[in-house]
Amino acid sequence: MDNLRTYRDEDDEEDEQSKPTTAAAISTAEPIEPPEPTTDDPDTDTLNPPSTDPQNGSKTETEASESLSESIKSQEIDNDDDDPPPKKQKQLSSLTAAPSPDQDQTPLPLPISNGSAATAAAPTAPNSKKSKKKNNNVWVTKSTRKGKKKSKANNNNHNAPGDDTVFITPVTRFPDKTDDTPDMTICLSKVYKAEKVEVSEDRMSAGSAKGYRMVRATRGVAEGAWYFEIKVVNLGESGHTRLGWSTEKGDLQAPVGYDGNSFGYRDIDGSKVHKALREKYGEEGYKEGDVIGFYINLPDGGSYAPKPPHLVWYKGQRYACAPDAKEDPPKVVPGSEISFFKNGVCQGVAFKDLYGGRYYPAASMYTLPHQPNCVVKFNFGPDFEFFPEDFDGRPVPLPMVEVPYHGFENRVENVVSDEKKQ
């Protein structure tokens, strides 16, 4: 009997291990029927009687079913402790679908459980990063970016070869129509003089009582040999003069010889003055009543003269174009010279190698305050008081009265070239 019960217990254990969980659950609902006794063996009833004695160690069918259900429950509890059920995850299709307008479009962080989830989340990263950068950078707007591009485009257009940049300077003094006309002869200018210099009605005499100031004639010479005279009418007790030649750039608020654009002959000790430097020249100076002659020679000076200024109209005002830096510097006229005569006697050559340009007769006078004006009188010919008889081999000069009217030649005026203003 013991062997028989052992065999039956082993069969029960094998059935429990071989049957699946579902089958085990079904078996708990339906009790296991004991095998029917065979009729061939006469000792079957005696070998397997239904025993109800608890002390004999045998189990009934009810107890066997209860033990089987308890073992199944214990296995399920063990499985729960070992492998907890995975959390519920969203489907990939729900993540890639376009969000509705009511929903927040901010992407949610996705748990990376496998390679496919990481790959699906990767394309959304640049958009979120770009939008975040655009929203945070509040200092850069579309207008500023367009402005920078526009300014860059303007700079490129400004450097285009078709645009010409011209520097212009205002013309402080422009020839007055009444200052010189073709019908007039050479005389003292009412425009090119210092304000403190007083000019007579016939525009042949000038005087000043407020320091050295300059006045020059209306016409100048750029080529050939020319001559004129100045008579010292009044010096007074404190009067002095510096007489000579000046170019267009000579400083009118300074005496003749103050800068490099004028050449003077001084009354005191008869010295010559240029660039404010005095040098010994004549034997002695000149005084009141003396007649000083002025001689200049510019052989072929027109070839060495600088180009006349270009004048343009800009906003209702005349301007002179600045000289081009590429232009050649002033050229020296070979054989050019300036000499002074005192009462018809040559005092020698004062200056040589003059720069090409136009030279005008000029005078500057000086007296102390509350003193009579220092007055000089010009004589442009042709009747001179002391015209030299011998020029010692130099070309015989022409009187300045024969200088033709040259007006003021405009190279560019209102976009019209070679226009003459009168």
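Student: Why is E389 called exposed?

Tutor: In this predicted model, E389 has 83% relative accessibility. Exposed means over 50%, so E389 counts as exposed.

Student: Where does E389 lie?

Tutor: You will find E389 in the loop between β17 and β18 (398-399). From C-alpha to C-alpha, E389 is 9.3 Å from V345 in space, while 44 residues separate the two in sequence.

Student: Let's turn to β17. Which residues of strand β17 make up its covered face?

Tutor: Strand β17 covers residues 374-379. C374, V376 and F378 form the covered face, and V375, K377 and N379 form the uncovered one. Why would every second residue point the same way? In a regular strand, side chains alternate between the two faces of the sheet.

Student: How do you know that β4 pairs with β17?

Tutor: Count the bridges! Strand β4 (residues 205-208) is joined to β17 by four bridges. Pairing takes at least two bridges, so β4 and β17 pair. These strands run antiparallel, and S205 in this pairing stands opposite K377 in β17.

Student: What makes β6 a partner of β17?

Tutor: The reasoning works again: five bridges join β6 (residues 224-234) to β17, and at least two are needed, so β6 and β17 pair. They run antiparallel, with I230 opposite F378 in β17.

Student: How many helices and strands does the protein chain have?

Tutor: The protein chain has eight helices and 20 strands. Of its 422 residues, 30% count as buried, which means that they have under 20% relative accessible area.

Technical notes: Residues are numbered from 1 along each chain as its sequence is written. This is a predicted model: local features need pLDDT of at least 70, side-chain atom pairs count only at pLDDT 80 or more; totals for chains, interfaces and linings use all residues. Side-chain values use heavy atoms; hydrogens and water are left out. Buried means under 20% relative accessible area, exposed over 50%, partly exposed in between (1.4 Å probe, protein chains only). Helices (H or I, at least four residues) and strands (E, at least two) are DSSP runs, numbered from the N terminus.
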